[in-house]
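Subject: Structure for you to look at, with notes

Dear colleague,

I am passing on the structure below, and after it you will find my notes on what was found. Please read them with the structure open beside you.

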Amino acid sequence: MASSGGEMMLHEESLFRSFPLAELVDLCTWRDMGNTTTVQEFILLGFPGTWHFRVSLVVLFALMYSLTVTGNASIIALVWANRNLHTPMYFFLCNLSFLEIWYITGIVPKAMGVMLGTSQTISFRLCILQLFFLFSLGSTECFLLAVMAYDRYLAICYPLRYNSLMNNVFSAQLALGSWLGGFLAISLLAFLTSRLTFCGPKVINHFLCDIDSCLALSCTDTWPVELATFLVSIIVVVVSCVVTLVSYMYIISTILRIQSAQGRKKAFSTCSAHLTVVTIWYSSIIFLYVKPSAQNSLDLNKLVNIFNTVVTPLLNPFIYTLRNKEVIQALEKAFQKK
């Protein structure tokens, strides 16, 4: 009997060592977590470190959140107040800015509570809701960036026909299609994730509910969810990325055929800001989600997620204002009036 009990303890310890977050949780805590049949809430770890380190991160996140909301809201207000900016390009930019405000709002307030230790738990339903909300907004951003690339393609390659091709009705349809497509694309993935069973440890090594973290904790077969994640990534990320790349291939080809250097510079300046945002966004998205299985390090995913979910929304308004002459001129007029 003693030998049998010892074998069971060794087996239990070996199972614990195979747990992805074993280095962050002791064996006794793991046993307590495993006593329940199903997990109703998760514990978000956030970032390990001293209290002063976490407080510093909270201050940094709060500053970045304030700048992001202020910057993107300013772009929306500037476009709305300036009639010269009432064009499809700035209409799509307003959609992107509106999206970025909600995107970072769905992440930073909760992340700050996690880092301060005041709001580390999240219910299973809220976890799935956050995952669906963030993934849907991320998919919508992919579609919007592709639409903006297509808009620049029409403006540069067909300048004489641009106003008839990209009219107000068509631009509104493209924006609406991006929003609907983004949310519908994630519906199946969110449904499959909600069907997973979590019967063991409930600690998520992240500051938000991420798909890889959920898959690491599930005690049921995660292959359908991993396959759905991969397929959705192909449909949303790769297809929108291909549309963007093809559009820019035609754009660059057209710009190179322009005879004057001034004309080439002017044509490229209209899409350089968008190209910068596209490069930053797709680099992190492809790293995180376009893979057949969840094999990346969770700590590495956490770092890339900071850049993708917090830094990118902050950079967008500055990129579009500093590299866009029309926006700079509108800002100068606004300050002159004041």
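Ala 190 counts as buried, its relative accessibility being 8%. Please keep in mind that this is a predicted model. The residue belongs to helix H8, and once its neighbours within four places in sequence are set aside, Ala 190 is in contact with Ile 128 and Phe 132.

**The chain as a whole**

The protein chain has 13 helices and 3 strands, and 47% of its 338 residues count as buried. Among the contacts between residues at least 6 apart in sequence, 78% join residues that are at least 24 apart.

**H8 against H10**

Thr 229, mentioned above, also takes part in the packing of H8 with H10, which I describe next. The axes of helix H8 (residues 168–194) and helix H10 (residues 223–256) come within 9 Å and cross at roughly 170°; because angles over 145 degrees are counted as roughly antiparallel, the two helices are assigned to that class. The crossing of H8 and H10 is left-handed. On the H8 side the contact is made by Ala 185, Ile 186, Leu 189, Leu 192 and Thr 193, and on the H10 side by Pro 224, Val 225, Ala 228, Thr 229, Val 232 and Val 236. Sorted by class, the residues of this contact are 9 nonpolar and 2 polar, with no charged residue.

**H4 against H8**

Helix H8 also packs with H4, at an angle of about 20° and with the axes 10 Å apart, and that makes H4 roughly parallel to H8. The crossing in which H4 passes H8 is right-handed. H4 contributes Pro 88, Phe 91, Phe 92, Asn 95, Phe 98 and Leu 99 to the contact, while H8 contributes Ser 171, Ala 172, Leu 174, Ala 175 and Trp 179. The residues of the contact of H4 with H8 again divide into 9 nonpolar, 2 polar and no charged.

**H3 against H4**

What is the angle at which H3 and H4 pack? Helix H3 (residues 51–81) and helix H4 (residues 88–105) pack at about 155°, their axes being 9 Å apart, and H3 and H4 are therefore roughly antiparallel to each other. H3 passes H4 in a left-handed crossing. From H3 the contact involves Met 64, Tyr 65, Thr 68, Val 69, Asn 72, Ala 73, Ile 75, Ile 76 and Val 79, and from H4 it involves Tyr 90, Leu 93, Cys 94, Ser 97, Phe 98, Glu 100, Ile 101, Ile 104 and Thr 105. By class, the contact of H3 with H4 has 13 nonpolar, 4 polar and 1 charged residues. Phe 98 of H4 is listed in the contact with H3 and is listed in the contact with H8 as well.

**Cysteines**

How many disulfides does the count come to? The count comes to 1 disulfide, formed by Cys 127 and Cys 209, whose sulfur atoms are 2.0 Å apart. The torsion about the S-S bond of this pair is about -125°, so the disulfide is left-handed. Cys 127 lies in helix H6 (residues 124–157), whereas Cys 209 lies in the loop between strand S3 (203–204) and helix H9 (211–217), so the pair ties together parts that are 82 residues apart in sequence. Both Cys 127 and Cys 209 are buried.

**H5 and the residue after it**

In helix H5 (residues 108–116), the buried residues include Val 108, Lys 110, Ala 111, Gly 113, Val 114 and Met 115. Just after H5 comes Gly 117, which takes a positive phi of about 80°.

How values were computed:
Residues numbered from 1 in each chain as written. Predicted model: local features only at pLDDT ≥ 70, side-chain atom pairs only at ≥ 80, totals over all residues. Heavy atoms only, no water. Axes fitted to C-alpha atoms, helices over the stretch in contact; angles between N-to-C directions. Helix = DSSP H or I, 4+ residues; strand = E, 2+ residues; numbered from the N terminus. Parallel < 35°, antiparallel > 145°, perpendicular 65-115°, else oblique. Left-handed = near helix turned anticlockwise from the far one by under 90°. Contact = heavy atoms within 4.5 Å. Nonpolar A, V, L, I, M, F, W, Y, C, P; charged D, E, K, R; others polar. Disulfide = S-S within 2.5 Å. Buried < 20%, exposed > 50% of the residue type's maximum accessible area, 1.4 Å probe, protein only.
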